[in-house]
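Open your viewer and keep the selection tool handy. We will go from stop to stop, and at each one you will hear what to select and what is there.

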Amino acid sequence: MENSTIRKSKVWSPEKIDEIQEKAELGRYRIRGQATKRQDLPSFDDLVFTPAGLSRVALEGYREKCDTRVVIGEGRVKRPLVLETPIMVAGMSFGAINSNAKKALGIAATRCGISTCTGDGGMHPVEREASEKLVYQLLPSRYGLNPYDLKRADAVEIVVSQGAKPGTGGTLLGQKVSEEVANMRDLPLGVDQRSPCRHPDWMGPDDLGVKIDQIRIATNYEVPIFIKIGAGRVYDDTKLAAKAGADAIVIDGMEGGTAASPEIQLDHTGIPTIAAVVEAAEALHEIGMKDEIKLIIGGGISNGADAAKAIALGADVVYIGTAMLVALNCNKSIYVEDYKALGTEPSACHHCHTGKCPVGIATQDPALMARLDPDEAADRVENYMNSLTMEMQIFARSCGKSRVVDLDPTDLRSLTWNTSMITGVPIVGMGTTRNPYWADYHHATGQHEFVAK
Ligand SMILES: Cc1cc2nc3c(=O)[nH]c(=O)nc-3n(C[C@H](O)[C@H](O)[C@H](O)COP(=O)(O)O)c2cc1C
Ligand code: SF4
């Protein structure tokens, strides 16, 4: 037969064949950075905004204000965390990324009035200096954790798990354990590190409550405490985190980024961000804490539409990691030969785990690091953050809202049945009353309230 009739199998696709043969050669599973590459997940793109027309009046962009400020821990701690826009730079460890990248993110976040987060591996002095508002992570690994830095934090984030590897500990391959990383983490130089999958000193939500009390005492009741969980059993976990005493709950969907995770886990563990936000918002609402406890959602958020839709579905703030790296230059079409040497190309790179990042972000190699000028990079990240804010305001104003946080599910319609079922947002073409499962929606006292029929 001629070539034109050669059929490829869906079951035994070229990717699957490649994967099996790579495992056969390596004798282990694949580990890589970035995020799942699944193409079939429901996403925020399945939703559209229903802008104001006659039934609602839009706001004028040039003259009418659209507020973006969010405060975390208000009425609960002495020094609540004020964010000028509902975006936070997600925790990315010193080790996964280097001090130049941390500095750039810190400068940009400070200019935009938002926070950065240490991630694993401790508080780097450059990061503390660059970031006016810095969230300090407390992870199962305890790498770089010390009471001195805890007291210098503007918020504390207890990490139960992250979306890219929920239920598994972290991985930092030896090639990234430079002298500075080893010193900060108290580790031997150049040796692969596996960090634990759960905290050594508490086993469940009741113990976690005690741990939170201890941190409150250690920080003099000054700063908010978050609990971060990879999206899996979101509805129950959110209620338990609230009961344990968190001021904010961070839910990281299965699209969440990483510097190194088993690929099989990236693709097959956790639930998508769009489903996670709905479950978490509903759980908080049910226990009457939707306003008091802030909901922070991460995982695959890349533009103001994703962010505004997450907020409309119940989030208060979005948490962004990978897109911040992209703004720094990740996957940019420069140093193309170095991408090729890694077996990849710009826009397809997921090689953070190798420590050979072509653009100088996910590497501790001084020669590669020199490719990232923190001051120039900070300008790019600042521009990106400002664009996100303006995009969110476009949607809020066009829906007639003077605060981004006032976006709600009635501002949305779903383009697909799947996403409609997942979110409860009516499918396009069917008003709220004709949709058989659309719950009666009330927007009383600014709360998102679903009442099942
Ligand atoms: C390079 C990199 C390093 C990360 N390191 C950490 C970490 O140390 N601790 C943590 O809780 N999450 C870590 N994450 C996950 C982020 O905090 C966040 O949950 C995730 O990036 C959100 O998804 P997004 O990347 O699609 O925005 C990391 C993510 C990336 C991309
Ligand atoms: S360009 Fe660098 S930061 Fe981006 S995916 Fe590749 S190795 Fe990671």
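Start by selecting Asn331, which is found in the loop between α11 (322–328) and α12 (336–341); helices here are DSSP runs of H or I with at least four residues, strands are runs of E with at least two, and both are numbered from the N terminus. This is a predicted model, in which local features need pLDDT of at least 70 and side-chain atom pairs count only at pLDDT 80 or more, while totals for chains, interfaces and linings use all residues. Residues are numbered from 1 along each chain as its sequence is written, chains are lettered from A and ligands numbered from 1 in the order in which they are written, and side-chain values use heavy atoms, leaving out hydrogens and water.

Look at the backbone of Asn331: its phi is near 65°, a positive value in a residue other than glycine. Most residues other than glycine have a negative phi. For a second case, jump to Gln34, which is not a glycine but has a positive phi of about 70°. Gln34 sits in strand β1 (residues 31–34).

Now show ligand 2. Which residues are around ligand 2? Select Cys330, Asn331, Cys349, His350, His351, Cys352, Cys357, Val359 and Ala362; a residue is near a molecule if one of its heavy atoms lies within 4 Å of it. This shell has six nonpolar, three polar and no charged residues. In this scheme Ala, Val, Leu, Ile, Met, Phe, Trp, Tyr, Cys and Pro count as nonpolar, Asp, Glu, Lys and Arg as charged, and the others, Gly among them, as polar.

Next, switch to cartoon view for the sheet. Eight strands form an open sheet with parallel pairing, in the order β5-β15-β14-β12-β11-β8-β7-β6; two strands pair if DSSP finds at least two bridges between them. Its edge strands, β5 (87–89) and β6 (116–117), each pair on one side only. At the β6 end, β6 pairs in the parallel sense with β7 (residues 134–138) over two bridges. Click Thr116 and you will find its bridge partner in β7, Leu134.

Axes are lines fitted to C-alpha atoms, for helices over the stretch in contact, and angles run from 0 to 180 degrees between N-to-C directions.

Then bring in helix α7 (residues 234–244), which packs with α9 at an angle of about 45°, their axes 8 Å apart. α7 and α9 are therefore oblique to each other: angles under 35 degrees count as roughly parallel, over 145 as roughly antiparallel, 65 to 115 as roughly perpendicular and the rest as oblique. The contact (heavy atoms within 4.5 Å) joins Val234, Tyr235, Thr238, Lys239 and Ala242 of α7 to Ala276, Glu279, Ala280, Ala283, Leu284 and Glu286 of α9. By class, seven of these residues are nonpolar, one is polar and three are charged.

For the last stop, select helix α14 (residues 374–398) together with helix α10 (residues 304–312): their axes come within 8 Å and cross at roughly 55°. That makes α10 oblique to α14. Gly304, Ala305, Ala307, Ala308 and Ile311 of α10 touch Leu388, Glu391, Met392 and Phe395 of α14. Seven of the contact residues are nonpolar, one is polar and one is charged.
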